Every structure is written in structure tokens, then in C-alpha cells.
Number of protein chains: 2
Amino acid sequence: MGEGAKGGSIDERAAVALGAEIVSRCDQLAALTEEPGLLTRTYLTPMHKAVNARVAEWMGEAGLAARTDPLGNLVGRIEGTRAGARPVMIGSHLDTVRNAGRYDGIMGVIAGIAAVGELGRAGRRLPFPIEVVGFGDEEGVRFESALIGSRGMAGTLPDSMLATKDKQDITLARALTEFGLDPARIRAEARKQGDLRAYLEVHIEQGPVLERLGLPLGVVTAICGATRRRYHFAGEAGHAGTVPMAGRRDALGGAAEAVLAVEAVAREKGVVATVGQIAAEPGATNVIPGGASFTLDVRAERDVLRAEALAALDKRFAEIAKRRDLELTTQTFHDAPAAPCAPELQDLFARAIARVVGGEATRLPSGAGHDGMAMVAVAPIGMLFVRCRKGISHNPAEAVEARDVGLGALALIAALEDLAGRPDA
Amino acid sequence: MGEGAKGGSIDERAAVALGAEIVSRCDQLAALTEEPGLLTRTYLTPMHKAVNARVAEWMGEAGLAARTDPLGNLVGRIEGTRAGARPVMIGSHLDTVRNAGRYDGIMGVIAGIAAVGELGRAGRRLPFPIEVVGFGDEEGVRFESALIGSRGMAGTLPDSMLATKDKQDITLARALTEFGLDPARIRAEARKQGDLRAYLEVHIEQGPVLERLGLPLGVVTAICGATRRRYHFAGEAGHAGTVPMAGRRDALGGAAEAVLAVEAVAREKGVVATVGQIAAEPGATNVIPGGASFTLDVRAERDVLRAEALAALDKRFAEIAKRRDLELTTQTFHDAPAAPCAPELQDLFARAIARVVGGEATRLPSGAGHDGMAMVAVAPIGMLFVRCRKGISHNPAEAVEARDVGLGALALIAALEDLAGRPDA
């Protein structure tokens, strides 16, 4: 069913007004950039400090008491009415990739603040505390290791990470200290399993599914697990003119079959799989490739599907190598499990969408990574996706409709109200 | 049939001795290099002058009067016994690629000198003059345009080529002048159609066919025509995690199908075809390729086969582009017709092989280019291939057996004797 299927459930004016305010704030924050003309804001830089300061003001206006945690995450908190109630955390990130869009991460933080602000304006106090978090590092641009903010908060950041250096040879420990933080406090202030009632995140989809379905919002089922590999076929180079087709050991022929196998297996197994890089060696027009390398990126909402897809590809690639008399080598350089969204929080957001937009909420996996991947270590996570234009992200062309963003914030408010009416299990 | 099938026809001692002398001279010339430790000898350089001087000495010892033509080609001539008889030219090249092998081109020049020397030692004068030519440029390393020596001699080098510059901004005209040559004489001294009775060339195969067949020598049917193209598929880039498989416009998927179509069409049409370069754009592990480019190299001994293969590929690539919703662009950057070897010269070399080695001579096309491609403009051409190790060429690992080279020189002598017994048509 499409949006508004139940008729008249959308408060158009409220959605557009609230969304416009959120979008306007995201647009303002785009001025806080390290590279003039582009939006680039990386971890523990002066622009990180500037964005925290600006967002802290907005937190204050919404009734949230803001502080910076030992990772440089900005944490705003408003207390609840019931003593000892576990807080609900609403988070996303304030850092960006290089030459970024304006909404990836940032929109979710501002939407969280807006939700708290709206509740306050309506005079509504919830029984549980709400914490709105702007994580300092999700994208991993500066230290080439992502989710430093949320992993630090979840207590899963290895201590060895403090010695990691950026391109200027500055360690994470030194960067934290120079930012005015105390790395020794990271472990002490990390959240523990059970501390939070829920971790909720609103994020642009960064994909085309909601747009194709004509829907402003969707419920995330899981943040997909991902495996990244590099494969290499070795055959035999030769003169493109003098070596007959029969008996060639053309490594690129093997890689070409592998690329098509990746497409076929992805469709069979219901995962997404991509070959993003490919090269032939030595790479001359008139030389039969003696080697061919390519990358594989496989993602799935269920780890068993990803494992099945990889096993199927292993089998097919081995068959290709055998039939073509090539040698195959495989290197896995990234392997992360899926972070499933808690079924009760999926249902929570589905009810919120039904209330705000009408119709039955669509559920979809997140192929991109998010802070929830770290927070799932200490809390049940729930995610709400907001439609974005053409699925474009990590790009200045990233765009959202104010109405969709407003509906997202209204759905978040509805979800908080819903939680308030239910016992904390 | 294999070598020696008629039994006892090979004079092993003569072949090995003659071959060892030729190989030894090729090995000596490898010392004349611009890059110590590698063999690199390019056109109109001091090393070109040095190789001409050394080879001119050997020509003189064989009874050939040596001179340098206006292109820097070294031309040795011995007169015949019959007044006005048209000369038979035996040629190949003395320049090399960078980091070359020792036998590509050079072996054919030295074999020609050896053949004339052997005839002289035996007191045998042929009715026609013999010219042995060491072409100055076949590989095209210095001016990025190949066959300058033989095209100049055949009168097919465009005058505009004189303005072509090398990487040091030196024009071909200036390089010729500084070498002591007169570019104004190129046209005047060019050979005209009918001047030569035949152009004969002995060359290492640079491919694996003779080795696979267990044969030392083979008759070349044609120097293949070649087309080189660059193709580009344009699709739509996207996030490897967030864009579902359905509806992707992955340009690399199209390129992978195209690579396999190249293999299939080459086999169907009996041509050789190679994809030597490939790239995906933007070329990141986690981005669906929005573009993919690759090269094609197609060679065939008959131009009609090459045209049929290209037409079949055009059709398949268009079908791939349509089915996958990709845009295809094609750029042809090299297109050269085949140079067929004259049937009577193929038969001449076949008889010579039968006499020297025994058995029925194998005929095979040359996938690599040779000076005959230029000389075919003014003379019937005939080529004799000598087996080389594993088909390796343009590489220091290039290797030949002295016996095979000696058999090649003996077959060349046999061919010259055979020609001497036949009227010049």
C-alpha cells in the first residue's frame, strides 16, 4: 500500500514545517567545512568542535543538557518523569565523508533534537530520559577506521586504536587530548549492555528503494553484514597476435566469467554483490592478460545468506579456474556481521509510520553501515529510513524533501510516545 | 608430418654450425644497447650507427657491398651473373623494443648474410643480385610510428612523418640529418613496384605454434591485418550496499559479457581476438561501476574474416548494451589490412623446408607485424618462421635453438637456389 492509504492521516502542514526546519539546520551545518566549496568535516578537527558547539545550542533550546563525551561525541540529555527509567538514545553522526552531502548522519541528529523540542513545546514529558547523540566519527575518514565514536561509546573500540595515526602521523590519543578530551575516560564512560532501553536512528536511505516504491519512510530490518574480498586469477601472458585462441590461459576471461557469476549468485541468494574494481595484467592492448584481479563486495541482512553466497561463489570461481587452467587466490580484507534491528523496535517504527503516514510500513535492509552497527553491542537498535533523491549519497547531490524529513521526525515522536505507553521490559 | 619424416634429409652438423654462428652474432649485437643490462636499441641513435657498422663488416665478409640508405637502413648487395636480373631482397630489422630479446628481427638479417656467405664459400653465384637489408626502424619505439625503415624504402611513408617528434621533441627530419642522412633522398631512392623479384624474410615465430607442433620451421601465409579499438559502456554508478540487484545499470557487467563475446566470436570466425586492458569507473570496491572501458585487438590473415568478426562483435555488444540499458561508445585507433604472402613464395619456402627438414611444410599466419607489411607495396613477399621457445618475444627470455636457426638459413639458401633455377616471370 502507498502512503496515506488510510486517508487523511498525514498532517501536511506540520510535516513540511518541521521538515523545513530540520533541513534548514542541516544546510546551515554544511557551512562548517574544512574544504571551502565542498562539505568535508572530519573527526577531532576545529570544524568538529564548531559543529558540536552549534548543535549543542540547538540541544539547549530543545531542553537537552549537552556535554561532550571522551570520544568527542556530543550527548544531549533530557530527564524523564519516572525515577530510574532507562534512557532511550537517538543518535547519528555529525562527521562527513570528503565532498559530502548535507543529510547523511546529520539529519538524524537534528531530527532527534527536533523531536525532543516538539515534545517540549507540546508540554509533554516522557517517563524515560532521552539522549540525543551526535557521534564524532562514523565515516572513518581521518583514521581510516570507521565508527570510532559509536564503538567508543559501546565499549568495543580496541585500546590499540588509540595508537592509530592519521595521515599527519597524529595518533588518535593525541588528537583526543588536543581536542580537550581524556582518553583514559573512554572505558569508564562506555555504555554497558542493559544501560539503554533502545537505540533509535533516523537516517536517509542512501538507496533508491523508497523512491521506487513512492514511500517517504521505511523500517530497517537490519544493517547488512558485509564481506569484501580481492581475487586474482593467474594465467599466462602472451602476444595478442601470435598465440592461437586454443590453449590460451587468459586470466581476464576467467575474471569476466567471475563478474557474471557474482551477478547470478547475488540474484539467486537474495544478497547484493558488486565487483567495483578490475584490472588486467600487464594491461597492454596487444598482450593476452596473464593476470586479472577484481574486488567483491557482498552484503546481506542475514549472515547465513552472505555465507551461502560466498560459498556459491567460491565453488563457481574454483570451477572457472579449473576449466581455464588458471590459479585463483583470494584475500578477505573486510568481514563484518549483520546488525539486526530488534523486532520490537521494527514493529514500533512500523506502527509509528502507520500512524503518521498511513498504510502498512515497508521494511528493508540497510546496505550501508551506520552507528547502530556499534550500538547493537549494548542496546536493541531500531532504524527509520527517510527517502532521498535517486539514492544518491556521499555526494553533494544528496537531496531530501522537507516533507519526508518532517514525516520522519513525526514518526520518531510517535515512536517515543508509543514507547512511553509501554512498560520497559 | 613431423620434421625429418622423409628420413636423413637434415644435415645436422651443417645446421648446428651455421645456426651457432648466426646465434653468436645476434648475441654479440645484444651488447649494442642504450640501456646497460637491457637490450634497447632505437632508431637513429648512436647504437643504431654502431649496429650498422658491425653488420656492415659481416656483410663485407660475405661479399655484400654495404651502404646506408636515406632512412638509415643498412643495405648490402651482391651482384648476380645475369645482366638486368631483378634483385631478390632478404630483410628484417636491427632495431629493438625496450628490454628486448636478441633474435626478433636481427636473426633474419644475420641469416640473410649467412646465406649469402655460404653461397659464396661454396663458389655459387646466383643469376640475380641479392640485397640483404637491416631496417633501421620496425618497432616504432622512438617515433611511436612503426615500420619507418621499410615504409620509407617502399615509398609509402607520408612526407608529413618527417615532422613527427620523439619524446625529446626532435623531429624525424632532424634525427635523419644528424645521423648523416639526406631526407630529400627518401622518395628518390624508394623502390618501385616491380623493382624487386621478391622480398624474403626469416623471422622467429614469436608464437607457440611451431613449438607445439614440434617443427623447427614454418611457411607464413600472411601477416595478419589488425584492428584495435577501445570500447566504453556507460551505466549508472551507485552504492554497492544500498542499490538492489534489480534495476542496476552496472557497466562492468556489460564489459564482462563483452570479454566473453570476444572469445566466442574469435573461435567462431577463426581469428585471434584479445581484451588486454579493462577498467571500471569510479573503480572503488563499494561503488557499482557507472562506466567500464576495455580494449579489443583483433587479427586475421584475411581481412574479410576480421571484418566479419568485428561485425559480429558490434552486433553482440549492441545487444548487451540494449539488454542492460547501457550506452556503448566505440573508438578505432588502429586498423591495418593483412599483407598476404605471395602463393608462389609460400610454395618456394615450402619446397625449401621439405628439402632441408623433410616432410610437408606447415603453413601459418603471422599474428605479429613485420617489415613485409610495408614491402608488400612494392614486391611479392615470402616469410619463413623459425621456432622459438614458448612463443616468448619482446622479452629478454626470447630464445631459439641454434639448430632451428641453422635449418632456417639452409632453407633460405635452398629457396634462393630454387629461385635461381626458375625464370623471373
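**Between the chains**

The rule finds two salt bridges across the interface of chain B and chain A, a salt bridge being a side-chain nitrogen of Lys or Arg within 4 Å of a carboxyl oxygen of Asp or Glu. One pairs A:Arg324 with B:Glu263, and their closest N and O atoms are 2.6 Å apart.

Before going on, some housekeeping: this is a predicted model, where local features need pLDDT of at least 70, side-chain atom pairs count only at pLDDT 80 or more, and totals for chains, interfaces and linings use all residues. Residues are numbered from 1 along each chain as its sequence is written, chains are lettered from A and ligands numbered from 1 in the order in which they are written, and side-chain values use heavy atoms, with hydrogens and water left out.

Back to the interface. There are 12 residue pairs in polar contact across chain B and chain A, both residues at pLDDT 80 or more. A polar contact is a pair of N or O atoms within 3.5 Å; within protein, one must be able to donate a hydrogen and the other to accept it, and residues adjacent in sequence count only if both atoms are side-chain atoms.

Which elements of chain B supply at least two residues each to the side that touches chain A? They are α7 (209–213), α8 (251–269), β9 (272–274), β10 (278–281), β11 (287–288) and β12 (291–300). Helices (H or I, at least four residues) and strands (E, at least two) are DSSP runs, numbered from the N terminus. α8(B) gives the most, with nine residues. By class, this side of chain B has 26 nonpolar, 15 polar and 11 charged residues. Ala, Val, Leu, Ile, Met, Phe, Trp, Tyr, Cys and Pro count as nonpolar, Asp, Glu, Lys and Arg as charged, and the others, Gly among them, as polar.

In total, 52 residues of chain B are in contact with 52 residues of chain A, contact meaning heavy atoms within 4.5 Å. The two chains bury about 4000 Å² between them, 59% of it on carbon and sulfur atoms. Buried area is the accessible area (1.4 Å probe) that two parts lose on being put together, summed over both. B:Thr242, B:Met245 and B:Thr285 supply 17% of the area that chain B buries against chain A, more than any other three residues.

How is chain B superposed on chain A? A rotation of 180° with 0.0 Å of shift along its axis does it, at RMSD 0.1 Å, using least squares on the C-alpha atoms of residues with pLDDT of at least 70 in both. That is the relation of a two-fold axis. In chain B, the C-alpha nearest the axis belongs to B:Ala256, 2.2 Å away.

**Within chain A**

The domain assignment, automatic or from a database, gives domain 1 (12–224 + 338–420) and domain 2 (227–336) in chain A. Their C-alpha centres lie 37 Å apart. Domain 1 of chain A puts eight residues into the contact and domain 2 of chain A six. Together they bury about 520 Å², 51% of it on carbon and sulfur atoms. Salt bridges between these domains number zero.

**Backbone**

The peptide bond from A:Glu281 to A:Pro282 is cis, with omega near 0°. A:Pro282 sits in the loop between β10 and β11 of chain A.
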